[in-house]
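My notes are in the order in which I looked.

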Amino acid sequence: MTRRVVVLDYGSGNLRSAERALARVGADVTVTADLTAAAEAEGLVVPGVGAFAACMAGIEALGAGPVIAERVAAGRPVLGICVGMQVLFEHGDEHGVVTKGLGLLPGGVTRLPAPRLPHMGWNTVQAPAGSVLFAGLPADARFYFVHSYGVIAPAALAAAGATVTTAHHGTDFVAGIERGPLSAAQFHPEKSADTGATLLRNWLGTL
């Protein structure tokens with residue numbers, strides 16, 4: 001059965017590659033800023049590239065925050081990608097400026113304590129047993145990352161009932177999250193070839 005998915009257009013980039021990747025795995029995809037469509041779709045994808053503050057400004061200008069929160073509260077699936085994952089948290093700290101996030105997940109986003117930034121390229125992840133997003137993927141599967149900031153408190157998320165997948169660059173950081181209807185990936189599944197396609201197909205299977 002084809003699932004109706006909206007990729008939320010709030011002014012962030014990378015929309016078309018997300019659209020193509022989702023269509024490739026069988027979704028009926030619409031890229032739109034229409035909040036009614038975002039509320040009613042079977043699945044909502046929140047993309048994001050660039051700065052946390054800029055992404056939050058776009059979400060707020062569109063008035064999309066309440067729609068995302070209401071979907072999660074109603075048990076309707078949401079997938080955040082890259083900065084679209086980061087804005088789900090309580091705040092982001094970039095260059096000493098703290099910006100309020102959507103607050104759907106506990107914790108904040110900070111600069112990775114790594115000798116080389118950005119963290120750019122292919123990296124493995126450590127997915128726990130029982131993960132739905134990473135089901136069927138081998139332990140050495142690689143995903144494509146492009147970021148300098150991340151969430152480095154996976155234990156707090158796990159304590160809040162989330163299934164947390166981590167990766168390592170300078171330190172362990174959150175690479176994937178599953179908590180009820182809310183899923184998220186710090187990497188770009190739409191740029192991660194067949195492994196990313198498997199993850200998106202797994203997500204579609206939850207709709």
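The entries below go from the whole chain to single residues.

**Ground rules.** I am working on a predicted model, where local features need pLDDT of at least 70 and side-chain atom pairs count only at pLDDT 80 or more, while totals for chains, interfaces and linings use all residues. Residues are numbered from 1 along each chain as its sequence is written, and side-chain values use heavy atoms, with hydrogens and water left out.

**Whole chain.** I looked up the secondary structure and found 7 helices and 13 strands. Both are DSSP runs numbered from the N terminus: helices are H or I with at least four residues, strands are E with at least two. The radius of gyration is 15 Å, close to the 17 Å that the globule rule gives for 207 residues, so the chain is as compact as a globular protein of that length. That radius is taken over C-alpha atoms, and the rule is 2.2 Å times the number of residues to the power 0.38. Along the principal axes, the C-alpha atoms fill a box of roughly 45 × 40 × 30 Å.

I then checked burial: 52% of the 207 residues are buried. The cut-offs on relative accessible area are under 20% for buried and over 50% for exposed, with partly exposed in between (1.4 Å probe, protein chains only). For contacts (heavy atoms within 4.5 Å), I took pairs at least 6 apart in sequence, and 69% of them join residues at least 24 apart.

**The open sheet.** In which order do the 7 strands of the open sheet stand? I read β2-β1-β3-β4-β13-β12-β11, with mixed pairing. Two strands count as paired if DSSP finds at least two bridges between them. β2 (28-32) and β11 (163-168) are the edge strands; each has a single partner, so one side of each is left without a neighbour in the sheet. Neighbouring strands are turned by 20° against each other on average, direction ignored. Angles are between N-to-C directions and run from 0 to 180 degrees, with axes as lines fitted to C-alpha atoms, for helices over the stretch in contact.

I followed the pairing strand by strand. β3 and β4 are parallel over 3 bridges, with valine 45 opposite leucine 79. β4 and β13 also run parallel, joined by 4 bridges, and valine 78 has leucine 182 as its bridge partner. β12 (residues 172-179) and β13 (residues 182-185) are antiparallel, again with 4 bridges; here glutamate 178 stands opposite serine 183.

For β4 (residues 78-81) I looked at both faces: Val78 and Gly80 point one way, Leu79 and Ile81 the other, and all are buried. Helix α1 (residues 15-24) lies across β1 (4-8), β2 and β3 (43-46), at about 165° to β2.

**Threonine 32.** Beyond its neighbours within four places in sequence, threonine 32 touches Val6, Val7, Leu8, Asp9 and Ala37.

Glycine 121 stands opposite phenylalanine 145. Which face of β9 (residues 142-147) is covered? Phe143, Phe145 and His147 form the covered face, and Arg142, Tyr144 and Val146 the uncovered one.

**Helix α3.** In α3 (residues 52-62), Phe52, Cys55, Met56, Gly58 and Ile59 are buried. They cover an arc of only 160° around the axis, which puts them on the same side of the helix; the arc is that of the directions from the helix axis to the C-beta atoms. Ala54, Glu60 and Ala61 are exposed on the other side. The buried residues pack against α4 (65-73), α5 (83-86), β5 (89-94), β6 (97-100) and β7 (105-111).

Most residues other than glycine have a negative phi, and most peptide bonds are trans. I noted these departures.

- Histidine 95, in the loop between β5 and β6, has a positive phi of about 55° and is exposed at 72%.
- Alanine 193, in helix α7 (residues 193-204), has a positive phi of about 50° and is partly exposed at 45%.
- The peptide bond from leucine 117 to proline 118 is cis, with omega near 0°; proline 118 is in the loop between β7 and β8.
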